[in-house]
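Open the model in your viewer and keep the selection tool at hand. We will go from stop to stop, picking out one piece at a time.

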Amino acid sequence: MMEIIPLGDSALIVRMRERFHDAPEQTLDTVLRAFQQLQNAAIPGIIELAPAYTSVAAFFDPIPVAKAAETPDKMFDWLATRIRAAVAAGADRGRHRTATRRRVRLVEIPVCYDPEFALDIDDVARRAAISPSEVVRLHSGAEYCVACVGFVPGFPFLAGLPKELATPRRDVPRKQIPPGSVGIGGAQTGIYPLRSPGGWNLIGRTPLRLFDPKENPPALLRAGERVRFRKISRDEFESLKC
Amino acid sequence: MSVIAERAGFLTSIQDLGRTGFREFGVSSGGALDSFGLRVANLLLGNAEGAAGLEITLGGLQLRFEDERVVAWCGGEFDVRIGSRVLPAGHAGLVSAGEKLKIGAPKVGCRSWLSISGGIDVEPVLGSRSTDLRASFGGFEGRSLHDGDVLPLGVWPGSPTPATGISSWTAPHDWVSPAKPKPILRFIRGADWNRFDTSTLQRLTSEAFAVSSDSDRMGVRLEGPELKRVDESDLISEAVGPGTIQVPPSGKPILLLGDCQTIGGYPKMAHVITVDLGVAAQLRAGDHVRFSEVLLADACRLLLERERQLELFRVGLSLHTS
């Protein structure tokens, strides 16, 4: 099921699936393939594409689209037709090589789970009726998948959190969370790239930089990539911190 | 050559037409909240449309110029003076070396955009000179201006110069002065329109909303009739953009602006159309705003018509300035 919905007059959303958390991997596979196909198709007027969970957003410059579509009434349909064609072409090719899975990078992220960084680990542990060290073992033992990068620059939303660790966001968000903080929000885990307000439960901190505008790409992670957390000591945290 | 911000004002930042291409990494478009206003200001003095200028929030700015430049501005009802001469919105004004430009508090509106011939020549970051205030990069050291900051200006070839100090030529009033005492923003329906019942939807167009003081370049928070959803189901986060009106569980809508986050999980009730974003950028705490619905095709038609007018304006300007 593909659905194309206007997001105002200069953008639209290509919805590939209705649900995400039932089957994160397959959903991302579909969404990222559509994202790739749309990038390759270079449809005139589309200036920016971004995947998120079940959908791909396409931002466009209405002027070239209007010229190609002839009248403003047809702009949206003109784009929708080309988007459908581009995505369908990708789906066909995907079927022909079902055996070859998308090749993805596995990124290891060192995390110090010391109490000084893990302000909410006791809450997470209490909720799951396990010990804080068991929280660390479970969190650093799982493999995650980047479902989306967004909200703030470089923030990875990670799917694959062990069910026991799911914890609702804090009732009162913190005003300032230090960069590198690793948190749990509902069924997801993520990393705050910048000093920002936030309501996730903090369980550790990474010395890595998640977002650096001087680099290209500016973010450490992108949608579809895989992530593992490695438990490190406070000393190692200091030595890795750049 | 440069210009010195002797007084930086309440919130002044370097902005151009924003960033594209990094949304997949969570980088929002940013840029001048009234990008059309900045384009017009740039055209008035022969700059490239996308040259970086200053976005001035609520005034209080005083600049001193090291060398002769031409300036122009668009935005709210501000008192702008070069020395003691008033520079009205939408006119090009000559500033001599050593002269000062002052921008007072606005009578109506919230922001203005000042272009300087040659443009502000800070290093582009991720393809843009815009300041991302939330993520602290771009513009001038990734922050709003402080008193005493020295801003580098680009090379100015030296033309066109208004002979009498203030140009006779100007741009249409709507373009250069979009602030209105009783603003009405036109919108098209959003993806989650049907998650609200008929009476709630009617409230969006029949009642006025007050702008909360908790508003910034990310979004305008609105107080007024509560907009409650009919269903409580969790939504999957999707893209949002400038103009999106999202409704959090509080029922108080937020109208997103240029620095908004790239994705959101609140229902997208509606989208303010692009040609009205300049009016939205003028909303300040305590203002009242109303909404009226248009069709997507109308939104597109209005946008294209404005671009056609801008093209004519560009041609017309070249008659004055060649």
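**Stop 1: a pair of strands.** Select strand S6 and strand S7 (residues 156-159) of chain A. Four bridges join them, and the two run antiparallel. This is a predicted model, so treat each stop as a look at a prediction.

Follow the chain from S6(A) to S7(A). The two strands form a hairpin, with six residues between them. Click on A:Phe151 in the turn: its phi is positive, about 75 degrees.

Stop 2: Pick A:Glu143. Which residue of S13(A) is the bridge partner of A:Glu143? The partner is A:Arg228.

Is S6(A) enclosed or open? Five of its seven residues are buried, so S6(A) is largely enclosed by the rest of the structure.

**Stop 3: a proline in a helix.** Select helix H5 (residues 132-141) of chain A, and then A:Pro132, which lies in this helix. Is A:Pro132 buried or partly exposed? A:Pro132 counts as partly exposed because 17 other C-beta atoms lie within 10 Å, while a buried residue needs 20 or more.

Show what A:Pro132 touches. Leaving out residues up to four places away in sequence, the contacts are A:Ile121, A:Asp122 and A:Ala125. Then draw a distance from A:Pro132 to A:Leu220. These residues are 88 places apart along the chain, and their C-alpha atoms are 28 Å apart.

**Stop 4: the whole of chain A.** Zoom out and select chain A. Its C-alpha atoms fill a box of roughly 60 × 40 × 35 Å along the principal axes. How many helices and strands does chain A have? There are six helices and 13 strands. Chain A has 242 residues, and 45% of them count as buried. Take the contacts in chain A between residues at least 6 apart in sequence: 60% of these join residues at least 24 apart.

**Stop 5: two domains.** Colour residues 3-96 of chain A one way and 106-240 another. These are domain 1 and domain 2. The centres of the two domains, taken over C-alpha atoms, are 30 Å apart. Where they touch, domain 1 of chain A brings nine residues and domain 2 of chain A brings eight.

Look at the domain 1 side of this contact. Helix H1 (24-41) and strand S3 (46-52) of chain A each supply at least two residues there. H1(A) gives the most, with four residues. By class, this side of domain 1 has seven nonpolar residues, one polar and one charged.

**Stop 6: a sheet of four strands.** Stay in chain A and select S1, S2, S3 and S4. They form an open sheet in the order S1-S2-S4-S3, with antiparallel pairing. Which strands are at the edges? Strand S1 (3-6) and S3 of chain A are, since each pairs on one side only. From one strand to the next, the twist averages 20 degrees.

Click on A:Val14: its bridge partner in S4(A) is A:Val56.

Stop 7: Select helix H2 (62-69) of chain A. Highlight A:Pro62, A:Val65, A:Ala66 and A:Ala69, which are buried. Why do these residues share a side of H2(A)? They cover an arc of only 100 degrees around the axis, which puts them on the same side of H2(A). Step on to A:Glu70, which follows H2(A). A:Glu70 has a positive phi, near 80 degrees.

**Stop 8: the meeting with chain B.** Last, show chain B as well. 41 residues of chain A are in contact with 36 residues of chain B. Several elements of chain A supply at least two residues each, including H2, helix H3 (75-96) and strand S6 (143-149). S3(A) gives the most to this side, with five residues. Colour this side of chain A by class to find 31 nonpolar, six polar and four charged residues.

Notes:
Residues numbered from 1 in each chain as written. Chains lettered and ligands numbered in written order. Predicted model: local features only at pLDDT ≥ 70, side-chain atom pairs only at ≥ 80, totals over all residues. Domains from an automatic or database assignment. Contact = placed C-beta atoms within 7 Å. Nonpolar A, V, L, I, M, F, W, Y, C, P; charged D, E, K, R; others polar. Pairing = 2+ DSSP bridges. Axes fitted to C-alpha atoms, helices over the stretch in contact; angles between N-to-C directions. Buried ≥ 20, exposed ≤ 12 C-beta atoms within 10 Å, placed from the backbone. Arc of directions from axis to C-beta.
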